[in-house]
Each structure stands twice: as structure tokens, then as C-alpha cells.
Amino acid sequence: MNHGLKKAAPLLMGAVLLTACAGLNPPQQAATDPAYQARLDQFTAHRCNDRTAGALQGAGIAADSVTELYYTEILDTTNDRVSRYIAWMRLAGQPGQLVVENDGMTCRAIQIYTRFGAEVDGVSSY
């Protein structure tokens, strides 16, 4: 293989991976239906409820299907600031949990997924 091509190969691979990831859509950020945030506010008055509500609505999950909600925090060990808030929800008639990860500074919804047997169409499960 050409020496210049050997050096360029990792850069090209990185460009391909970034291009592939560019097509991913983040969760919806704000709920347009106030019923979503109102439902979450019944469980906890957390500052990220509006963005979590947007992720729920964007995923097509009915607001009244949420039966439990609590948040955990992920701390940045270099400065003890919250780097992420994790919203854990139970859904009516479902085992497991629905999870929305939010940015610790802006509450921007980063990702939504299910755990431990919960299933939602169009939402990844881990």
C-alpha cells in the first residue's frame, strides 16, 4: 500500500463514520402538547421535565402511559458537576423502563431508549 494512503486511511475511515452518524436524529426537544409536561410534573418537579416530555411526545408515547418517573444524575468526576440527568420511567402495562438521557447543563434530550424488557415502536432497546 502507498505510504500516503496508509496515513490517509484512518482519516478517511473517521470521515465515513462521522458521515454515517450525521444521519441520526436526536429526540424531539420540547413537547407541543402541554399534557406531556403536566403528566411528568405529577411525579417530580424536575427542571428537565419539559425536554423529557418532548422526547416522549416525539417517540409517540402517550402522556398518560407514564406511571412512574424519577431522575438520576451522572457527575463529571473532574469537577463534580452534573453531566447528565437520566429520566427513568415506567409505562403502563410494560415491564422494564423507558429512559431519556438529558444534558446536565441545558437539559437537551440526548437519547431515548428502553431497558429491562420495555418495548416501544421506533425506540431502541438495550
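Before going on, the ground rules. This is a predicted model, in which local features need pLDDT of at least 70 and side-chain atom pairs count only at pLDDT 80 or more, while totals for chains, interfaces and linings use all residues. Residues are numbered from 1 along each chain as its sequence is written, and side-chain values use heavy atoms, with hydrogens and water left out.

Back to S65. It is found in the loop between helix 3 and strand 1. Helices (H or I, at least four residues) and strands (E, at least two) are DSSP runs, numbered from the N terminus. Is S65 buried or exposed? S65 has a relative accessible area of 16%, so it counts as buried; buried means under 20%, exposed over 50%, and partly exposed in between, with a 1.4 Å probe and protein chains only. Leaving out residues up to four places away in sequence, S65 touches R90, L91 and A92, where contact means heavy atoms within 4.5 Å.

Two strands pair if DSSP finds at least two bridges between them. Strand 5 runs parallel to strand 4 (residues 109-115), and two bridges join them. Y113 has S124 of strand 5 as its bridge partner.

Next, the helices. Seven of the 10 residues in helix 3 are buried, among them T52 and L56. R51, also in helix 3, has a relative accessible area of 26%, so it is partly exposed. R51 and P27 are 24 residues apart in sequence but 9.1 Å apart in space, C-alpha to C-alpha. Just after helix 3, G60 takes a positive phi of about 80 degrees.

What about the core? In soluble globular proteins, nonpolar side chains tend to be buried together. A nonpolar core here is a set of buried Ala, Val, Leu, Ile, Met, Phe, Trp, Tyr and Cys residues joined through side-chain atoms within 4.5 Å. The largest one has 22 residues, and those with the most contacts inside it include L40, L56 and M89. Strand 2 gives the largest share, four residues. Among the residues that M89 touches are L40, L56 and V100.

Last, how many disulfides does the structure hold? It holds one. C48 and C107 form it, with sulfur atoms 2.0 Å apart; the cut-off for a disulfide is a pair of cysteine sulfur atoms within 2.5 Å. C48 sits in the loop between helix 2 and helix 3, and C107 in the loop between strand 3 and strand 4, 59 residues apart. The link is left-handed, with -65 degrees about the S-S bond. Both C48 and C107 are buried.
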